[in-house]
Amino acid sequence: MPIEIERKFLLRHDSWRARIERTERMAQGYLVSAQALRDGTARASVRARVAGGRAWLNIKAARLGIERAEFEYAVPLADAEAMLATLCDGVLAKQRHYVTVDGTLFEIDEFEGDNAGLIVAEVELPAVDAPFPRPDWLGAEVSALPRYYNVNLIAYPYAQWTRDERDAIDGAPPAC
């Protein structure tokens with residue numbers, strides 16, 4: 001079973017922008033609602049994503065943490081666009097910037113619309129305890145905070161968050 005090991009961080013400042021290698025716009029929506037994931041009636045998050053003239057379906061285990069089962073399949077662009085338009089409760093739009101530091105790829109998502117102002121860096125790792133570079137622009141880890149999961153940003157967008165939520169001040173323990 002394919003496993004994704006991903007850690008997510010806030011950013012301290014914008015110096016990462018000077019290192020952007022490429023950027024692509026993405027739109028994604030979820031075929032399983034955040035509420036179904038929260039109340040335990042769904043065992044997986046199912047996402048349709050469109051980026052760069054291509055499209056995918058992504059299925060992830062519905063559990064918190066940095067390590068989750070993940071499956072991803074290419075689908076026809078027209079199918080994904082139809083899913084986003086008719087089967088999803090909302091569509092999340094973002095710019096994804098790619099930045100490599102010491103051979104490690106950071107995907108930095110800059111959200112749009114009701115999530116404008118939120119920027120997070122994600123890094124995928126080969127093992128839970130794998131070392132990775134910590135550039136000075138990398139801030140607090142938010143991997144264990146469900147509100148930062150894309151599926152939750154549709155139901156509870158960044159524009160509605162309190163100052164403490166935006167600063168990741170809520171006593172949640174950091175992911176290992």
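Trainee: Which residues does Leu37 touch, leaving aside those up to four places away in sequence?

Mentor: Leu37 touches Val32, Ala42, Ala44, Ser45, Ala62 and Val151. A contact here means heavy atoms within 4.5 Å. The model is predicted, so local features need pLDDT of at least 70 and side-chain atom pairs count only at pLDDT 80 or more, while totals for chains, interfaces and linings use all residues. Residues are numbered from 1 along each chain as its sequence is written, and side-chain values use heavy atoms, with hydrogens and water left out.

Trainee: What makes residues 34-38, where Leu37 lies, a helix?

Mentor: Helices are DSSP runs of H or I with at least four residues, strands are runs of E with at least two, and both are numbered from the N terminus. Helix H1 spans residues 34-38 and holds Leu37.

Trainee: How far is the C-alpha atom of Leu37 from that of His97?

Mentor: The two C-alpha atoms are separated by 28 Å. Along the chain, Leu37 and His97 are 60 residues apart.

Trainee: How many helices and strands are there in the protein chain?

Mentor: There are 4 helices and 9 strands. Read along the sequence, their pattern is β-β-α-β-β-β-α-β-β-β-β-α-α.

Trainee: How do you know that strands E3 and E4 pair?

Mentor: Two strands pair if DSSP finds at least two bridges between them. E3 (residues 44-51) and E4 (residues 54-61) have 8 bridges, in the antiparallel sense. Val46 stands opposite Ile59 in E4. The two strands form a hairpin with 2 residues between them. Gly52, in the turn, has a positive phi of about 55°.

Trainee: What does E4 pair with through 5 bridges?

Mentor: E4 pairs with strand E5 (residues 67-74), again in the antiparallel sense. Leu57 stands opposite Tyr73 in E5. Asn58 has Glu72 in E5 as its bridge partner. The hairpin of E4 and E5 has 5 residues between the strands, and Gly65 takes a positive phi near 125° there.

Trainee: How many bridges join E1 and E5?

Mentor: Strand E1 (residues 3-11) and E5 pair in the antiparallel sense over 3 bridges. Ile5 stands opposite Glu67 in E5.

Trainee: Where does Ala130 lie, and how far is its C-alpha atom from that of Ile5?

Mentor: Ala130 lies in the loop between strand E8 (119-124) and strand E9 (138-141).

Trainee: Why is Ala130 called buried?

Mentor: Buried means under 20% relative accessible area, exposed means over 50%, and partly exposed is in between (1.4 Å probe, protein chains only). Ala130 has 11% relative accessibility, so it counts as buried.

Trainee: Is Asp102 buried or exposed?

Mentor: Asp102 counts as exposed because its relative accessibility is 70%. Its place is the loop between strand E6 (92-101) and strand E7 (104-111).

Trainee: What makes the phi of Asp102 worth a mention?

Mentor: Most residues other than glycine have a negative phi. Asp102 is a residue other than glycine, yet its phi is positive, near 50°.

Trainee: Why is Asn150 called buried?

Mentor: Its relative accessible area is 7%, so Asn150 is buried. Asn150 sits in helix H3 (residues 150-155). Not counting residues up to four places away in sequence, Asn150 touches Lys8, Gln28, Tyr30, Leu92, Lys94, Phe111 and Glu122.

Trainee: Why does Glu165 count as buried?

Mentor: The relative accessibility of Glu165 is 18%, so Glu165 counts as buried. Glu165 is found in helix H4 (residues 163-166). Beyond residues up to four places away in sequence, its contacts are Arg147, Tyr148, Tyr156 and Gln160. The C-alpha atoms of Glu165 and Tyr148 are separated by 9.8 Å.

Trainee: How do you know that the radius of gyration of the protein chain agrees with a compact globule?

Mentor: The radius is taken over C-alpha atoms, and the globule rule is 2.2 Å times the number of residues to the power 0.38. For 176 residues a compact globule would come near 16 Å, and the chain has 16 Å, so the two agree. The C-alpha atoms fill a box of roughly 40 × 35 × 35 Å, taken along the principal axes.

Trainee: What share of the 176 residues counts as buried?

Mentor: The share is 49%. As for contacts between residues at least 6 apart in sequence, 63% join residues at least 24 apart.
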